[in-house]
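Please keep the model open while going through the points below.

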Amino acid sequence: MLGVPVAEVARELGVKPLGDLPAGAERRAGTISLRAMTRVANAMNCKVVYAVIPHDGKTLEEMADRRKWSKLLG
């Protein structure tokens, strides 16, 4: 963990801390908007990285190549 106290992040966001996350960061259990996540990241002097990663650990290029060869070889 970064060691940034929740109270400090909440203060940067202008909200009151609630448990492990600043109040208002989550609208529903288990969800958070990218906008809220970006605000939290900015308050921690961080950035949000949003990515799609293949399950099997392959790169997207490897996946595309495998699909191409599957089509060509039938």
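1. The face turned away from the buried side of α2 carries the exposed residues R35 and N42. Exposed is over 50% relative accessible area, buried is under 20%, and partly exposed lies in between (1.4 Å probe, protein chains only). Helices (H or I, at least four residues) and strands (E, at least two) are DSSP runs, numbered from the N terminus.

2. A note on the basis. This is a predicted model: local features need pLDDT of at least 70, side-chain atom pairs count only at pLDDT 80 or more, and totals for chains, interfaces and linings use all residues. Residues are numbered from 1 along each chain as its sequence is written, and side-chain values use heavy atoms, with hydrogens and water left out.

3. The buried residues of α2 are A36, V40, A41 and A43. They sit on the same side of α2, because they cover an arc of only 160° around the axis. That arc is taken over the directions from the helix axis to the C-beta atoms. The cover over the buried residues of α2 includes α1 (6-13).

4. M37 is also in α2, which spans residues 34-43. M37 counts as partly exposed because its relative accessibility is 38%.

5. Check N45. It comes just after α2 and takes a positive phi of about 60°. N45 is a residue other than glycine. Most residues other than glycine have a negative phi. N45 lies in the loop between α2 and α3 (60-73). N45 is exposed, because its relative accessible area is 72%.

6. Finally, the whole chain. The protein chain has 3 helices and 2 strands. Their order from the N terminus is α-β-β-α-α. Of the 74 residues in the protein chain, 14% are buried. The accessible surface of the chain comes to about 6,600 Å², with 56% belonging to carbon and sulfur atoms. Accessible areas come from the Shrake-Rupley method with a 1.4 Å probe; for residues, only the protein chains shown count as cover. Among contacts (heavy atoms within 4.5 Å) between residues at least 6 apart in sequence, 26% join residues at least 24 apart.
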